[in-house]
Amino acid sequence: MKKIIIILIGGILFSSCEEVSKSIKDTFEPQPDPVVQQKTEEAGEVPTQSPYDAAVEQQMQEVQHLVTTIVEKHTKTRVQHTEGKNTDFLTNEEKLKKAEEALRELPQYAGKEIYIYSSIHFYDDGSINVKLQHPTNPGYIDSYEYKNGSWTEPKPEQMSVKDKIQSRLVPLEKVNFTYVAAAARLYKEKTEEVEGARPITSIYISIWNNNLRWFPASISGSRERYSIELNQNGTLKKFERE
């Protein structure tokens, strides 16, 4: 089951909900016995039994909920942000450090550890989008935006009882904003090596099983496509042609 979820999530940003839903069904779809099927057809019978047992049905529903939630939240983040003028924010360690310090100084988190939920997005126009666990109610999530050098007021996120919040949290201590500068320089270096690849103007970190993963996870050119994986500190872990 875990392998199935990993495969689905790996391609989720490049597929529609309908495509992912179909892959879920295809994965679990039992192959009919041709002999039994022929006898059933000859007898004119219509099978009424569900092709899935109860356990598989429940697993499919859980995976479908997870996939739909991720697609909706990722799409919402992309729609909300309209990139402005390039300010080289992604490679400016001083500006990134200032943004992190401002986040730590939010009055509602005074004396409390800050936990990032699900993802954090950095844009070259100087803005950041992040979701944080509520400072007093661990079952709540708020979204924040950094723009014009300051953080906005929190906006509540609608959560489901099926959202596994604890598995998608990491402390802010694990996400050093200056690592973004190292990652941005690396992405720039690698895109210049790939013919036809577009410059990267945004970087985000996704959180799964309390671990970090950097995105984009691939660089596409006019002739080639490369997968790229970074270490937690923004240094190169893997870069290979697909």
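What share of the 242 residues in the chain do buried residues make up? Buried residues (under 20% relative accessible area, with exposed meaning over 50%, partly exposed in between, and a 1.4 Å probe applied to protein chains only) make up 36% of the chain. This is a predicted model, in which local features need pLDDT of at least 70 and side-chain atom pairs count only at pLDDT 80 or more, while totals for chains, interfaces and linings use all residues. Residues are numbered from 1 along each chain as its sequence is written, and side-chain values use heavy atoms, with hydrogens and water left out.

**Overall make-up**
- The chain has 6 helices and 11 strands, taken as DSSP runs (H or I of at least four residues for helices, E of at least two for strands) and numbered from the N terminus.
- Among contacts (heavy atoms within 4.5 Å) between residues at least 6 apart in sequence, 61% join residues at least 24 apart.

**Leu172 and Ile116**
- Leu172 lies in the loop between β6 (169-171) and α6, and at 2% relative accessibility Leu172 counts as buried.
- Although Leu172 and Ile116 are 56 residues apart along the chain, their C-alpha atoms are separated by 6.2 Å.
- Leaving aside neighbours within four places in sequence, Leu172 is in contact with Leu103, Arg104, Ile114, Ile116 and Phe177.

**Aromatic pairs**
- Rings of Phe, Tyr and Trp (its six-membered ring) pair if their centres lie within 6.5 Å, and planes under 30 degrees apart count as stacked, over 60 as edge-to-face and the rest as tilted; by this rule the count comes to 5 aromatic pairs.
- Tyr204 and Phe215 form a stacked pair, at 4.9 Å centre to centre with 10° between the planes, and both Tyr204 and Phe215 are buried.
- The rings of Tyr226 and Phe239 have their centres 4.8 Å apart and their planes at 10°, so this pair is stacked as well.
- Tyr226 is buried, with a relative accessible area of 16%, whereas Phe239, at 22%, is partly exposed.
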